[in-house]
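Trainee: Hi! Could you walk me through this one while I have it open?
Mentor: Happy to, let's look at it together.

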Amino acid sequence: LTAMGEPSMDPTMSSPDSTAQQDSLFSMMDVFLISLITGLFTYWFFFRKKKEEVPDLPKMQSVAAPVRDSSFIEKMKKTGRNIVVFYGSQTGTAEEFANRLSKDAHRYGLRGMAADPEEYDLSDLSRLSEIDKSLAVFCMATYGEGDPTDNAQDFYDWLQEADADLSGLRFAVFGLGNKTYEHFNAMGKYVDKRLEELGAQCIFELGLGDDDGNLEEDFITWREQFWPAVCEHFGVEATGEESSIRQYELVVHTDVNMNKVYTGEMGRLKSYENQKPPFDAKNPFLAQVTENRKLNKGGERHLMHLELDISNSKIRYESGDHVAVYPANDSSLVNQIGEILGTDLDTVMSLNNLDEESNKKHPFPCPTSYRTALTYYLDITNPPRTNVLYELAQYATDASEQERLRKMASSAAEGKALYLSWVVEARRNILAILQDMPSLRPPIDHLCELLPRLQARYYSIASSSKVHPNSIHICAVTVEYETKTGRLNKGVATNWLKNKVPDQNGSSSLVPMYVRKSQFRLPFKPSTPVIMIGPGTGIAPFVGFIQERAWLKQQGKEVGETVLYYGCRHEHEDYLYQEELARFQKEGVLTQLNVAFSRDQAEKVYVQHLLKKNKENVWKLIDEGMAHIYVCGDARNMARDVQNAFYEIVSEFGSMSQPQAVDYVKKLMTKGRYSLDVWS
């Protein structure tokens, strides 16, 4: 437009030499300008009208946000169910327990369904009384430091805010937790308490499963008392013995398009060939391993540092987050199972749910081959649970082996003791059981139906995104041990990661992964002092923290004291990141580096001993400096011992009694000044 208007501003046009010429020119210019304005107006009018119509198009074409399924009440009515078992599950165990409970219901003339709370509107719980003999059971795992699992987060939020009247609801709760954690079974306890507060009627006492002990036994003990309570409440009786009912039917594909066959993807078919963000548990990113080096200089263990390239993935992470990786089972174990069962592992098949109304159409992505299922989808290395043994017993042709399996799956004290010693303590996985019971040869499809899903493994990220925006670092130790039967058991993920060799191409260097956000965060103000305690691979998040504090310092920010308490066995064997830590200390970022070498002297020295040794300085940082405390590593011993050390320090220098000191530390936790990232 500017170019079109420029001639009218040309100084030669206003020359006084010829008036007639000027008049003529203006009349021509008038016509030109009027035409131009009319044309522009017409163009603008139609263009504007089109623009106004544009918003209607996305409305017609937009993809709606994922909608929750139809009401679970309507589904229960439609399918004749009266028991719904919701599960809050992070590693699949709570889901497994929920499936077992829903399957139990038929023995009492009832019909159950397992349900993911993420897929339904839980406010419908107030309507459950519309169904005769209705009951809601909740199998709720606690994740991290008293948090709900990812799939139960919305349910937890709803419970906190709800003012619903649940007076017609009958319920029971079984919690899955671990006593080594500070907030043992927090989610199970909260759901049980909150539902009663909203008027619901608890028909059986809260079950508290402890994964640090024997979670399977805790569940069986609770379950064998739970069903008699249900029978008494509803006036029903068991219809007979527990029977083996297949949940899925086998379909073998003899003529199938291999492009329609799953080869290890977690969700969308061909998602590993055609990667699309956002990346999460159902859509992991295939990250290239760009570095895989051994960290320790000696000793029998293999400690490693891996770097995953997340360029072009749009994955964002913060120091303290966790990276989840999907491992693969050892091919030799998979081949041995195939050989023992006399199966062609490359047979392509589907396991289809016999319950057509179920949201879960297959136990894992189908169609796929047995080899893929046993490699990527099924857990073949953990000792199987009692329900698996019960179902497999029918296939043992030797009477004594069949009886042994049934006994271990029973609720009798003798059976529980046998299961504990022969399966759990001996760490017998499914392959070892098949090897030690020569007459047990189940159909491979039923075995695949029974085995639990292979779960993602979580690692604390050992890098800062401020320094490494396109890379995620992992620090891990390979797990390898000899069992009581003389077998060598290897950790699935760590041994799989150990063999990831950085190269230009090929799956040998690819890791399916996603990031899980954490509450383990540096203080908002960089000037706040931090005390970090992380022996062994517990140092991982602190490498990221120190990197970030160094970066903040480079940006000219005032960075507070950065204190690290680290521990390892021997200074010259397994001192992880020794050079990096020395450099950070030299640069003044790491203001204190306290290292406990537990086995370099006659008397063992651990991080808690160093804390007590520096107790005056520790108290000053907490009391005057308002320091934030971070603990990462083993929950069973180290985290507890460190916490006790803080109780002692607070009690001595804060002039408090032991109970007051405990309360003081608990308040630090509540305020976010004492954070834990621990595992057992």
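Trainee: How many residues does helix 8 have, and how far does helix 8 reach from its first C-alpha to its last?
Mentor: Helix 8 covers residues 215-234, which is 20 residues, and reaches 28 Å, close to the 28 Å expected at 1.5 Å a residue. The expected span is 1.5 Å times one less than the number of residues. Helices here are DSSP runs of H or I with at least four residues, strands are runs of E with at least two, and both are numbered from the N terminus.

Trainee: Before I go on, what kind of model is this?
Mentor: This is a predicted model, where local features need pLDDT of at least 70, side-chain atom pairs count only at pLDDT 80 or more, and totals for chains, interfaces and linings use all residues. Residues are numbered from 1 along each chain as its sequence is written, and side-chain values use heavy atoms, with hydrogens and water left out.

Trainee: Back to helix 8, which of its residues are buried?
Mentor: Among them are Leu-215, Glu-216, Phe-219, Trp-222, Arg-223 and Trp-227. Buried means under 20% relative accessible area, exposed is over 50%, and partly exposed is in between, with a 1.4 Å probe and protein chains only.

Trainee: And what do we find at the start of helix 8, and what follows helix 8?
Mentor: At the start, a side-chain oxygen of Asn-214 comes to within 3.3 Å of the backbone nitrogen of Glu-216. After helix 8 comes Gly-235, with a positive phi near 70°.

Trainee: What covers the buried residues of helix 13?
Mentor: The cover includes helix 8, helix 11 (386-393), helix 12 (399-408) and helix 14 (430-436). The buried residues of helix 13 (residues 413-425) include Lys-416, Tyr-419 and Trp-422. Helix 13 is followed by Arg-427, and its phi is positive too, near 50°.

Trainee: New topic: where does Arg-673 lie?
Mentor: Arg-673 sits in the loop between helix 22 (658-670) and strand 23 (674-679). Arg-673 is buried yet has no salt bridge, and the nearest side chain of opposite charge, Asp-623, is 7.3 Å away. A salt bridge needs a side-chain nitrogen of Lys or Arg within 4 Å of a carboxyl oxygen of Asp or Glu. For charge, Lys and Arg count as positive and Asp and Glu as negative, while His and the chain ends are not counted.

Trainee: So what lies 3.1 Å from a polar atom of the Arg-673 side chain?
Mentor: That is the backbone oxygen of Ala-627. Arg-673 also touches Ile-622, Met-626, His-628, Ile-629 and Leu-668, among others, leaving out residues up to four places away in sequence. A contact means heavy atoms within 4.5 Å.

Trainee: Is Leu-676 buried or exposed?
Mentor: Leu-676 counts as buried because its relative accessibility is 14%.

Trainee: What about Leu-128, buried or exposed?
Mentor: Leu-128 is buried, at 1% relative accessibility. Leu-128 is in the loop between strand 2 (112-115) and strand 3 (135-143), and its contacts include Phe-72, Met-76 and Leu-169.

Trainee: Last one: what is the mean pLDDT of the chain?
Mentor: The mean is 89, and 88% of residues reach 70 or more; pLDDT is the predictor's confidence in each residue, from 0 to 100. Over residues 1-27 the pLDDT stays under 50, and over residues 43-68 the pLDDT is below 50. Where pLDDT is low, the predicted coordinates should not be read in detail.

Key:
A polar contact is a pair of N or O atoms within 3.5 Å; within protein, one must be able to donate a hydrogen and the other to accept it, and residues adjacent in sequence count only if both atoms are side-chain atoms.
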